[in-house]
Amino acid sequence: YSFCTLLMAENGTKCFLDISIGHSPYGRLVIRLRDDVTPKTAENFRALCTGEYGKTESGLNLHYKGSCFHRVIPQFVIQGGDFETGEGKGGMSIYGRRFKDENFKLKHDQLGVVSMANTGKNTNGSQFFITLNRTSWLDNNHVVFGNVIEGFDILKTIASVPTRNDNPEAPICITDCGVL
């Protein structure tokens, strides 16, 4: 990458997710979006953090606030963003139900990579995951759009919450979110 690209990455939009575990406030994840590489995907996440798009015609809040992480797989990923069903079967983007894969330039190369969850090619909505390790087999199948820059201790705690069939036994929720 050029110096300008690296500078833009350092200055990308920062979003926060305030996390509760078992209904108790726990801490804040800060995510730097890569709007320089994936502007459309980053904008979707940013707008879902602020809730600025309001509600859909059916009354669904286009907002991560109040949604929970429904999937926790230690040493792999934590997944959330389904503000519709809370089970990994719903959600919606600011562009409609689904939107196309923007590009696969960024890779799942470390702890804290933030990427779109999907059900196949061009099926991005609101669900996202955060890697707990390098997960290179996800490259070219999921659009990476950011990285956790603060709150790695919170990621480790989330990864240690007991699960049943990859579902956390204690609720892990986003109590507030937005842009810094």
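Q: What share of the contacts in the chain with a separation of 6 or more comes from residues 24 or more positions apart?
A: Such residues account for 64% of those contacts, where a contact means heavy atoms within 4.5 Å. A word on the basis: this is a predicted model, in which local features need pLDDT of at least 70, side-chain atom pairs count only at pLDDT 80 or more, and totals for chains, interfaces and linings use all residues. Residues are numbered from 1 along each chain as its sequence is written, and side-chain values use heavy atoms, with hydrogens and water left out.

Q: What makes up the secondary structure of the chain?
A: There are three helices and ten strands; these are DSSP runs, numbered from the N terminus, with helices (H or I) of at least four residues and strands (E) of at least two.

Q: Why is Val37 called buried?
A: Buried means under 20% relative accessible area, exposed over 50%, and partly exposed in between (1.4 Å probe, protein chains only). Val37 has 11%, so it is buried.

Q: Where is Val37, and which residues does Val37 touch beyond four places away in sequence?
A: Val37 sits in the loop between strand E2 (24-33) and helix H2 (39-50), and it touches Asn103, Lys105 and Leu106.
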